[in-house]
Amino acid sequence: MHIRKQIREKIYQLLEPHPTLANLFEARTKPLSNRKLPFANVINGGETAEDLSDQWQELRTVMVMVQVYVQDGHDVVDRLDELAAPIEELLAVDQRLGGLTVAFRYKGSDPDYTGAASSEAALLTMNYEAKYIWQPQPAADDLQVVSVQIDMSSPRNDPPLPATPDGQIDASAKIILPQ
């Protein structure tokens with residue numbers, strides 16, 4: 001699973017238990033009925049990368065947005081702020097998202113009241129920046145354990161006779177490859 005998806009899922013898990021976020025979605029791109037308002041959506045934005053080493057290791061920065069929608073009305077700004085407050089608090093607790101990122105921080109918000117005229121809903125997009133280390137993972141077969149045994153010519157004898165392997169194991173190793 002790509003790290004971007006893991007980051008999105010972690011943010012979703014952090015927000016899901018909060019009672020004011022009953023209608024919470026991950027990467028929703030289609031509109032939702034106004035009867036389901038208010039609701040929140042966790043979705044990825046753009047991503048940049050910079051080289052960290054000559055081994056193709058990169059520091060990647062992905063923007064993650066928490067979009068909050070509320071029914072348009074006279075107090076729409078207040079209701080957006082009421083939903084934003086617990087989100088900001090919940091996401092400020094773990095600046096590494098359980099070890100997925102090297103940094104995770106709030107980068108500001110963008111309100112959109114202009115769409116409210118046609119959709120009868122206002123939007124507040126809360127922008128977060130997640131930085132993580134990425135490097136390609138080598139492709140491997142199903143090999144999980146490698147065992148090796150070394151039978152040398154007899155170094156225990158003086159002179160070392162026979163000069164060929166003597167049938168006794170002189171060294172062994174068991175290597176368990178990561179999955």
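K5 is partly exposed, with a relative accessible area of 34%, where partly exposed means between the limits for buried (under 20% relative accessible area) and exposed (over 50%), using a 1.4 Å probe and protein chains only. This residue belongs to a predicted model, in which local features need pLDDT of at least 70 and side-chain atom pairs count only at pLDDT 80 or more, while totals for chains, interfaces and linings use all residues. Residues are numbered from 1 along each chain as its sequence is written, and side-chain values use heavy atoms, leaving out hydrogens and water.

**Overall make-up**
- The protein chain contains three helices and seven strands, these being DSSP runs numbered from the N terminus, with helices (H or I) of at least four residues and strands (E) of at least two.
- Read from the N terminus, the elements follow the order α-β-β-β-α-β-α-β-β-β.
- Of the 179 residues of the protein chain, 28% count as buried.
- The protein chain exposes about 11,400 Å², of which carbon and sulfur atoms supply 53%; such areas come from the Shrake-Rupley method with a 1.4 Å probe, and for residues only the protein chains shown count as cover.

**Salt bridges**
- A search of the whole structure finds five salt bridges, each defined as a side-chain nitrogen of Lys or Arg within 4 Å of a carboxyl oxygen of Asp or Glu.
- K5 is bridged to E9, with the closest N and O atoms 2.9 Å apart, and because these two residues are four apart in helix α1, they are separated by about one helical turn.
- E9 is partly exposed, with a relative accessible area of 23%.
- R8 and E26 also meet through their side chains, at 3.3 Å from N to O, and this pair links distant parts of the chain, since R8 is in helix α1 and E26 is in strand β1 (residues 24–26), 18 residues apart.
- R8 is buried at a relative accessible area of 14%, whereas E26 counts as partly exposed at 28%.
- R79 forms a salt bridge with D75, the closest N and O atoms being 2.8 Å apart, and D75 is partly exposed at 25% relative accessibility.

**Helix α2**
- Helix α2 covers residues 76–92, and at 1.5 Å a residue its 17 residues should span 24 Å, which agrees with the 24 Å between its end C-alpha atoms; the expected span is 1.5 Å times one less than the number of residues.
- The buried residues of α2 are V76, L80, L83, A84, P86, I87 and L91, and they pack against α1 (3–15), β3 (58–71), β4 (103–112) and β5 (121–134), where contact means heavy atoms within 4.5 Å.

**Strand β3 and its partners**
- Eleven of the 14 residues of β3 are buried, so this strand is largely enclosed by the rest of the structure.
- Strand β2 (residues 39–51) pairs with β3 in the antiparallel sense over eleven bridges, two strands being paired if DSSP finds at least two bridges between them.
- N41 has Q67 in β3 as its bridge partner.
- The hairpin of β2 and β3 has six residues between the strands, and there W56 takes a positive phi near 65°.
- Strands β3 and β5 run antiparallel and are joined by 14 bridges, with M63 standing opposite E129 in β5.
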